[in-house]
Amino acid sequence: MASFLQRLFGSEKASKDLAKDRLKLVLIHDRASVSPSMMEDLRRDLVQVISKYMDFDEAALDVQMAEQDNMTMLEVNIPVSSVKRNAGN
Amino acid sequence: MGEVIVVTSGKGGVGKTTTAANIGTGLAAQGKKVVLMDTDIGLRNLDVVMGLENRIVYDIVDIAQGHCKLKQGMIKDKRYPELYLIPAAQTKDKSAVTEDQVRAICAELKQEVDYIIVDCPAGIEQGFKNAIAGADKAIVVTNPEVSAVRDADRIIGLLEANGLGNPQLVLNRVRPNMVRQGDMMSVDDILEILAIKLLGVIPDDDNIVISTNRGEPTVLDQQSRAGQAYRNIVKRILGEDVPLMNLEVEEGFFAKLKKLFKGN
């Protein structure tokens, strides 16, 4: 009852929302770590798309999952050597 | 030609065996020819849930290793003439059968019956691999709890990696009161997280414990809400379009009074 009142007056988040938020975070991590092959596929697809527009050092392309401020980020670092003249047309 | 449906979960204790027993019995009640197969070698339980523990002579290891014929290893159910149980072995371990052996047993059973319901052990090791070896379809059982949903997600990934894409979800032990109060994840919450097709929702029901005590699957209990939920699941497996039942219990005056005196 106490927790119900607390929630009614907005001082506490419903515990199921906490469960959901925690699950979403942990699953992003689980899913990414379960399939390194998915990261490899993602990397390959990125190379294909980006090389339509820019020249870059494929070996230096860095793709990884990272945690930051309670958020899961997909970090992609691509050192670009040149942009193609007709890119975007 | 029969169909092999494996019942999985990853986490233990979420109601895999109960679900397998109820789906199998429910299909038999609909006139289908069914074999329930327990692949949890070393920790067999489907026999006691079905109330058939006193009838066991041979088990899945005996069949796999050719110590008996397939038909001899199929225990006849008490209630339905065309419902059978193949029990797991209790004194051996998961390596007592191979994936090829399970695949062969499933292939042979498919010639004989309409449905083979395989009860999978908890975990993701060899026992899991054996259980899914001959499966055409998979059911994932989970509870509205963080740990069970996390494990379900892992199992869904492993099923897909093993050619069992599009498994269907049975959400077990839902407590509508807690969902309403925001203290339990709802069906929609869990479907959003797992992104999987829903086969059915089973409300938390004391009748499950009582019927398991008796060795009688709840699906046959016309008064039980969990039984109704399992009957709906069976109909969906048979291709009927059955809407989700309303989980909210209309409590009558006497039920409320009784609760008051019981102090819960």
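Me: Which residues touch the most other members of the largest nonpolar core?
Reply: A nonpolar core here is a set of buried Ala, Val, Leu, Ile, Met, Phe, Trp, Tyr and Cys residues joined through C-beta atoms within 7 Å. Buried means 20 or more other C-beta atoms within 10 Å of a residue's own, exposed means 12 or fewer, and partly exposed is in between, with C-beta atoms placed from the backbone. The largest such core has 77 residues, and Val6(B), Val35(B), Leu36(B), Ile116(B), Ile117(B) and Val118(B) touch the most other members. Keep in mind that this is a predicted model: local features need pLDDT of at least 70, side-chain atom pairs count only at pLDDT 80 or more, and totals for chains, interfaces and linings use all residues. Residues are numbered from 1 along each chain as its sequence is written, while chains are lettered from A and ligands numbered from 1 in the order in which they are written.

Me: What is Val118(B) in contact with, beyond its neighbours within four places in sequence?
Reply: Two residues are in contact if their C-beta atoms, placed from the backbone, lie within 7 Å. Leaving those sequence neighbours out, Val118(B) contacts Val4(B), Ile5(B), Val6(B), Val7(B), Met37(B), Thr39(B), Ala131(B) and Ala135(B).

Me: How do I read the sheet, and in what order do the strands of chain B come?
Reply: Strands of a sheet pair through backbone hydrogen bonds, either parallel or antiparallel. Strands (E, at least two residues) and helices (H or I, at least four) are DSSP runs, numbered from the N terminus, and two strands pair if DSSP finds at least two bridges between them. In chain B, 8 strands make an open sheet with mixed pairing, in the order β3-β4-β2-β5-β1-β6-β7-β8. The edges are β3 (75-76) and β8 (197-203) of chain B; each has a single partner strand, so one side of each has no neighbour in the sheet.

Me: How many bridges join β5(B) to β2(B), and how many join β5(B) to β1(B)?
Reply: β2 (residues 34-38) and β5 (residues 115-119) of chain B run parallel and are joined by 5 bridges, with Val34(B) partnered by Tyr115(B). β1(B) and β5(B) also run parallel, joined by 5 bridges, and Val6(B) stands opposite Val118(B).

Me: Which way do the residues of β5(B) point?
Reply: In a regular strand the side chains alternate between the two faces of the sheet. Here Tyr115(B), Ile117(B) and Asp119(B) point one way, Ile116(B) and Val118(B) the other. As for burial, 5 of the 5 residues of β5(B) are buried. Helix α5 (residues 99-112) of chain B lies across β1 (3-8), β2 and β5, running at about 150 degrees to β5(B); that angle is between N-to-C directions on a 0 to 180 degrees scale, with axes fitted to C-alpha atoms, for helices over the stretch in contact.

Me: How far does α1(B) reach from its first C-alpha to its last?
Reply: The expected span of a helix is 1.5 Å times one less than its number of residues. Helix α1 (residues 16-29) of chain B has 14 residues and reaches 20 Å, close to the 20 Å expected. Of those 14 residues, 13 are buried. Just after α1(B), Gly31(B) takes a positive phi of about 90 degrees.

Me: Where in the chain does Asn166(B) lie, and where is Ala195(B)?
Reply: Most residues other than glycine have a negative phi, and most peptide bonds are trans. Asn166(B) has a positive phi, near 55 degrees, and lies in the loop between α7 (146-161) and β7 (168-174) of chain B. Asn166(B) counts as exposed because it has 11 C-beta neighbours inside 10 Å. Ala195(B) has a positive phi near 45 degrees and sits in the loop between α9 (187-194) and β8 of chain B. Ala195(B) is exposed too, because it has 8 C-beta neighbours inside 10 Å.

Me: How many residues of chain A are in contact with chain B?
Reply: 15 residues of chain A contact 13 residues of chain B. On the chain A side, α1 (2-8) and α2 (15-34) give two or more residues, and α2(A) supplies the largest share, 12 residues. By class that side has 7 nonpolar, 1 polar and 7 charged residues, where Ala, Val, Leu, Ile, Met, Phe, Trp, Tyr, Cys and Pro count as nonpolar, Asp, Glu, Lys and Arg as charged, and the others, Gly among them, as polar.

Me: Which residues does Lys20(A) contact, leaving aside its neighbours within four places in sequence?
Reply: Lys20(A), in helix α2 of chain A, contacts Met185(B), Asp189(B) and Ile193(B).
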